[in-house]
Amino acid sequence: MRVLVLSDIHANLTALNRVLDDASSFDAVWCLGDLVGYGPDPNECIDRVQQLPRLTCLIGNHDLAALGSIPLHRFNADASASIAWTQDHLTAASSAYLASLKAKTLMPPFTLAHGSPRQEVWEYILDHHGADRNFDILETDYCLVGHSHLPLGFVRFPGESYCLPVQLPVDVHLSLTPRMILNPGSVGQPRDLDPRAAYALLDTEALTWEPRRVAYAVGDVQERILDAGLPERQAIRLVGGW
Ligand code: ZN
């Protein structure tokens, strides 16, 4: 099965549509949360994601905040202004959909979590220390996470008590070996100084992971962000990928 792995779309419909075009054919979609927040198209992104084939979708911290389940003071000023805007614009149907989602699910040999298997909503896996804390409790061979907006991978070989970072060149098929933690990066707000939308293609039979990047019309999204009255910083950062 060819699985399109998405995360952190953040209400950026232009980036989402570009990724769906670029990925072209896939059998299933695994979306690792944060459909909304920051961007101008929350309802459109939720509608589009729901139409995707064999969808497994998680909820992220921004989605939970948009539902009022996380207080806004846990976010920085710009993020919380965007969440407040999202709360004002989410339709009842969009809210109901988000409220139906979980932040972690087991699909052996994969665990899917927004943040991490240990703390599915909030923990960022950014380095080998964080990855090791999660390998210690991981119940499956592989774990896919989002949340950091960074395409990252870690491997812990059998019998070892520490992990190593995995290089993830774009468009190169990585062969999966037990055990690995992988992040596809962010569709709607990449933070690795590459403004192109990030995603990954996972082959669950061949056990390969292919990191992908695709450029999209950032200017169109910036225009909608500013027209909507969202913080200008959310528009500026998309050009630099931070
Ligand atoms: Zn996010």
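This is a predicted model: local features need pLDDT of at least 70, side-chain atom pairs count only at pLDDT 80 or more; totals for chains, interfaces and linings use all residues.

Student: Why is S24 called exposed?

Tutor: Exposed means over 50% relative accessible area. S24 has 54%, so S24 is exposed. S24 sits in the loop between α1 (13-23) and β2 (28-31).

Student: What else is there to say about the backbone at S24?

Tutor: Its phi is positive, about 55°, although S24 is not a glycine. L207 is another residue to look at: its phi is near 55°, again a positive value in a residue other than glycine.

Student: Where is L207?

Tutor: In the loop between β11 (197-203) and β12 (208-214).

Student: What makes L207 count as partly exposed?

Tutor: Buried needs a value under 20%, and exposed needs one over 50%. L207 has 25% relative accessibility, which lies in between, so L207 is partly exposed.

Student: How do you know whether L58 is buried or exposed?

Tutor: Use the cut-off again: buried means under 20%. The relative accessible area of L58 is 1%, so L58 is buried. L58 lies in the loop between β3 (55-57) and α3 (61-66).

Student: How far is L58 from V121?

Tutor: Their C-alpha atoms are separated by 9.9 Å. Along the chain, L58 and V121 are 63 residues apart.

Student: Why is N43 called buried?

Tutor: Its relative accessible area is 14%, and the limit is under 20%, so N43 is buried. N43 belongs to helix α2 (residues 42-50).

Student: Which residues is N43 in contact with, leaving aside its neighbours within four places in sequence?

Tutor: H89, L90, T91 and S94. Contact here means heavy atoms within 4.5 Å.

Student: Where are the cis peptide bonds from P108 to P109 and from P178 to R179?

Tutor: P109 is in the loop between β4 (104-107) and β5 (110-113). The bond from P108 to P109 has omega near 10°. R179 is in the loop between β9 (174-175) and β10 (180-184). The bond from P178 to R179 has omega near -5°.

Student: Now the whole chain. How many helices and strands does it have?

Tutor: The protein chain has 8 helices and 12 strands.

Student: What makes the chain as compact as a globular protein of that length?

Tutor: Compare two values. The radius of gyration is 17 Å. The globule rule gives 18 Å for 242 residues. The two are close, so the chain is as compact as a globular protein of that length.

Student: How much of the chain counts as buried?

Tutor: Of the 242 residues, 56%. The accessible surface comes to about 9,700 Å², and 52% of that belongs to carbon and sulfur atoms.

Definitions and conventions. Residues are numbered from 1 along each chain as its sequence is written. Side-chain values use heavy atoms; hydrogens and water are left out. Helices (H or I, at least four residues) and strands (E, at least two) are DSSP runs, numbered from the N terminus. Buried means under 20% relative accessible area, exposed over 50%, partly exposed in between (1.4 Å probe, protein chains only). The radius of gyration is taken over C-alpha atoms; the globule rule is 2.2 Å times the number of residues to the power 0.38. Accessible areas come from the Shrake-Rupley method with a 1.4 Å probe; for residues, only the protein chains shown count as cover.
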